[in-house]
Amino acid sequence: MRYAQGGGLTDAERSTRERLRLQAVERFEGRPRNAEIAAALRISVRSVERWRRAWREDGEAGVLSKGSPGRPGLSEAQTTRLERELERGPLARGWADQRWTLARIKTLIGRLFHVSYTVEGTWRLLKRHGWSWQQPARRAIERDEDAVEVWRKGDLAAGKSTAAERNAWIVFEDEAGQSMTPPRARTWGRIGQTPVVRVRGRGSGRVLMAGMACYKPDQRSRLFYAIREYRGRKDEPKGFGWKDFRDMIVRARIQLGGPIVLVWDNVRLHLTAGMRDFINANAEWLTVFQLPTYAPDLNPTEGVWSLVKRDIGNLAAADLGQITRAVKRRLKRIQYRPDLVDGCLIGTGLSFDLAR
């Protein structure tokens, strides 16, 4: 088995090492002691001894560096094959979970090519070829990728054509919620001491959010939202009803000043008889397209919720009202940042001409 270190030295370190070798070779002609050369060059005596031995056997060429031993570890074809195996995922190679760690990739390289990499060398190899350590997105097993592709080419294309014909806005709607327990966010702490965020163990309730991300070519992207608190009281609605969605759509139409092509998912409230009657009664300015099931990543409003929850990470709220105020504050900031709303659309991989 060949051994590939993966280039442990940086370019600057290799350059310094080469310069010291040349200076040592110049001193060998005068036959000074190894200790004297080591003291003059501020290197170890053992290095001088090794270089002098190589100089005696092969001359100056034997002392000079042969280059980084780790660079030619894998050929281009082998690297391409490795990337294909990584894209298949750890499950396909016999691991129980779906985490690619450096140790596993190191083992995979050994199994495929009979080349032994160090963990550091594996990291350098991946970094050179555009791989990085990331937190994966979750995706439902029940998701039908063929249906998603059909929706992209069919319903999405039809939605864009309808919007172009009617000079309409394309509006993506979605709902989310936030409890008293805040999302966990990374923070600095001492090594070996996990930071602790104190949160209230008691208290119930949720902050309910409904939002609409609105897009139209040559227009500033817009965001509309509604907030509601649920505290678990008697006869208190647990969420938004179809009439709340109806009112949001009407408000969006008034403020946008034009027809709407609405895109949302298949939750039960979107399919009620009252909502269907409202859509049919307003077909002259409202067209609705349903997203594929288990495809939240196609909805840019999901990106808005991600921005909101990232901003309130580790928030030790005293009550539900503090959560509500923090959510409203973040949503208000996003409203005044159309570039953020555009970024949420770009993150879905959907394409619209948003030139302004």
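Both Phe278 and Trp285 are buried (under 20% relative accessible area, with exposed over 50% and partly exposed in between; 1.4 Å probe, protein chains only). The model is predicted: local features need pLDDT of at least 70, side-chain atom pairs count only at pLDDT 80 or more, and totals for chains, interfaces and linings use all residues. Residues are numbered from 1 along each chain as its sequence is written, and side-chain values use heavy atoms, leaving out hydrogens and water.

A search of the whole structure finds five aromatic pairs (Phe, Tyr and Trp rings, the last by its six-membered ring, with centres within 6.5 Å; planes under 30 degrees apart are stacked, over 60 edge-to-face, the rest tilted). Phe240 and Phe245 form a tilted pair, at 6.3 Å centre to centre and 35 degrees between the planes. Phe240 is buried, at 11% relative accessible area. Phe245 is buried at 2%. Phe278 and Trp285 pair edge-to-face, at 6.3 Å and 75 degrees. Ring pairs also link Phe240, Phe245 and Trp264 into a cluster.

Five strands form an open sheet of mixed pairing, in the order S5-S4-S3-S6-S7. Strands (E, at least two residues) and helices (H or I, at least four) are DSSP runs, numbered from the N terminus. Strands pair if DSSP finds at least two bridges between them. S5 (222–230) and S7 (286–290) stand at the edges, each with a single partner strand, so one side of each lacks a neighbour in the sheet. S3 (residues 169–179) and S4 (residues 206–215) pair in the antiparallel sense over ten bridges. Glu173 stands opposite Met212 in S4.
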